[in-house]
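This report looks at the secondary structure elements of a protein model and then at the surroundings of its ligand.

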Amino acid sequence: MQDHPSGLTTVTIEDLRARATAAAENSHSPYSHFRVGAALLLTVGDAPYPKIVTGCNVENASYRLTTCAEQSAIATAVGLYGPKIKLHAVAVANLNSAASMPCGACRQTILEFSTPGTWVFYPAEGASPAEATLADLLPAAFRLPHE
Ligand code: THU
């Protein structure tokens, strides 16, 4: 059953959100106490079978070395499956009952492995579920001239 403009079922979307929430349990965030998780729905090259990879934010005493959950998940996915990953959906969650859209840097990182129809699912105000395409979240993205 395909019941979302992304082509994903609500079951798949809820599963991604749940996995993002579970990943947030592993967050290393002793400075912000903001525990974030991300779950990626991806395919590799032309293979049709989807895979799910998760990550969490990893902070550092030297604050600027912090890795966001989305970036952590994407680095893990490339490490596992190589650079031909294609992100179809990214779910973000936090354990703080707060809104958390992907930051600007994460949007650019998602773009690197995006498809024309990459969707992002995230908690909005009051932690209520919200969603947008990456194209809507990052309308004027940086791209190198030859790409
Ligand atoms: N954070 C993420 O993991 N993803 C985002 O898109 C925004 C922010 C993390 C970084 C830091 O550990 C904490 O949230 C507070 O900024």
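## Helices on the sheet

Helix α3 (residues 104-112) lies across β3 and β4, running at about 145 degrees to β4, where contact means heavy atoms within 4.5 Å. Axes are lines fitted to C-alpha atoms, for helices over the stretch in contact, with angles from 0 to 180 degrees between N-to-C directions. Helices (H or I, at least four residues) and strands (E, at least two) are DSSP runs, numbered from the N terminus. Helix α1 (residues 10-24) lies across β1, β2, β3 (85-94), β4 (114-123) and β5, at about 130 degrees to β1.

The model is predicted, so that local features need pLDDT of at least 70 and side-chain atom pairs count only at pLDDT 80 or more, while totals for chains, interfaces and linings use all residues. Residues are numbered from 1 along each chain as its sequence is written, and side-chain values use heavy atoms, leaving out hydrogens and water.

## The sheet

The open sheet has 5 strands in the order β2-β1-β3-β4-β5, with mixed pairing; two strands pair if DSSP finds at least two bridges between them. Its edge strands, each pairing on one side only, are β2 (51-56) and β5 (129-133). Strand β1 (residues 36-44) pairs with β2 in the antiparallel sense over 6 bridges, and A38 has G55 in β2 as its bridge partner.

## Around the ligand

Surrounding the ligand are 13 residues, each with a heavy atom within 4 Å of it. Among polar contacts (pairs of N or O atoms within 3.5 Å), a polar side-chain atom of E59 lies 2.5 Å from a ligand oxygen atom, and a side-chain N or O atom of N57 is 2.9 Å from an oxygen atom of the ligand.

Methods
Polar contact = N/O pair within 3.5 Å; in protein donor to acceptor, adjacent residues only side chain to side chain.
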